[in-house]
Amino acid sequence: MRAAGRVSISDVAADAGVSISTVSAALNDVGSARISPRTRDRIREVAGRLGYVPNGLAQGLRRQRSGMVGFIGDEVATTPYAVGMILGAQETLRAAGILMVLMNSQGDPALEAREIEALRQQRVEGILYASMYHRRLEPPAALRDMATVLLDAESRVPEVSWVVPDEVAGARAAVGELLAHGHRRIGFLNNHEDIPAARLRLRGFRAAMKQARVAVDPTLVGGAPPTTSGGYDAARRMLQRADRPTALFCFSDLMAMGAYHAARELGLDVPADVSIVGYDNMPHVADGLLPGLTTVELPHYEMGAWAAGQLLALISAEPGQARHVRLRGQLVRRGSVAVPGPIGG
């Protein structure tokens, strides 16, 4: 018995008693071919019995389709918490029989241009264009005639599909957790960069406070680099005040880590003296702190899966069906939030 991978189209043709071209037309559902239903059924039965596997690359060349899409990211392939985006996209495409080719441009426009050209030469059917962080951008001109979906990035061009996190909803969930525990004096350690995530999380912070009818103290809203040291410096300034906040909402888990260090250095216990909530659910950070950090998990997997599904729809549908989506993340509760204790107690 032949090994399944060694069966050729000529073997199927010989067994079925027809020509190779007839086998090809029958298995590829060529409607114009004059093949009787009985002959088509016999060819398919023979192919199945012999274990014939069509040459996918050859089929792709005939149909001008490759069965592949490209995934281009700036630094997303080297960012730990973005692995979910790649996995979500890959699993969605795999279920549809599509392979994904991953490219990492490292933010270099020249390298990115070469990668796009290489993908075009491979006749990929579409591109997932991913950003390391939520921002607004325009896809390269070389992608304008290709099915393209932006992942973790927005575009001003309405014809371009994109998916980003719902930053406002995420911030509201984080601050809502602190409010639900009785905190009213809440500080916000925001990213000092002028990016969508910083603006929208601030909007969510203010919306949650307004809904709870709690006034926002503007002196407890500060910007800093979104790093551990940035969070440490900003938190230390707030926590050494006589009227310090009883809780801190941090733009990122890294900033929250810095806030932990600042609190402990000042002799404050987390969460007995100060509750802390982060954002990202970054692996080995949020779950590695003691106590574990309550945080908002960015929907990386869901964004990757949605973007891949939308790309498949664009590939198979008529133009003009772009969609723009904001996906909500989930609040992950750990041990960093408690009811507020007495200041100085």
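User: Are H7 and H8 parallel, antiparallel, perpendicular or oblique to each other?

Analyst: This is a predicted model, in which local features need pLDDT of at least 70 and side-chain atom pairs count only at pLDDT 80 or more, while totals for chains, interfaces and linings use all residues. Residues are numbered from 1 along each chain as its sequence is written, and side-chain values use heavy atoms, with hydrogens and water left out.

The axes of helix H7 (residues 167–180) and helix H8 (residues 196–211) come within 7 Å and cross at roughly 40 degrees, the axes being lines fitted to C-alpha atoms over the stretch in contact, with angles from 0 to 180 degrees between N-to-C directions. Helices here are DSSP runs (H or I, at least four residues) numbered from the N terminus. H7 and H8 are therefore oblique to each other; angles under 35 degrees count as roughly parallel, over 145 as roughly antiparallel, 65 to 115 as roughly perpendicular and the rest as oblique. Their crossing is right-handed, a term used if the near helix is turned clockwise from the far one by less than a right angle.

In the contact (heavy atoms within 4.5 Å), H7 contributes Glu167, Val168, Ala171, Arg172, Val175 and Leu179, and the residues from H8 include Leu200, Arg201, Gly204, Phe205 and Gln211. By class, this contact has 10 nonpolar, two polar and four charged residues, where Ala, Val, Leu, Ile, Met, Phe, Trp, Tyr, Cys and Pro count as nonpolar, Asp, Glu, Lys and Arg as charged, and the others, Gly among them, as polar.

Notes
Helix = DSSP H or I, 4+ residues; strand = E, 2+ residues; numbered from the N terminus.
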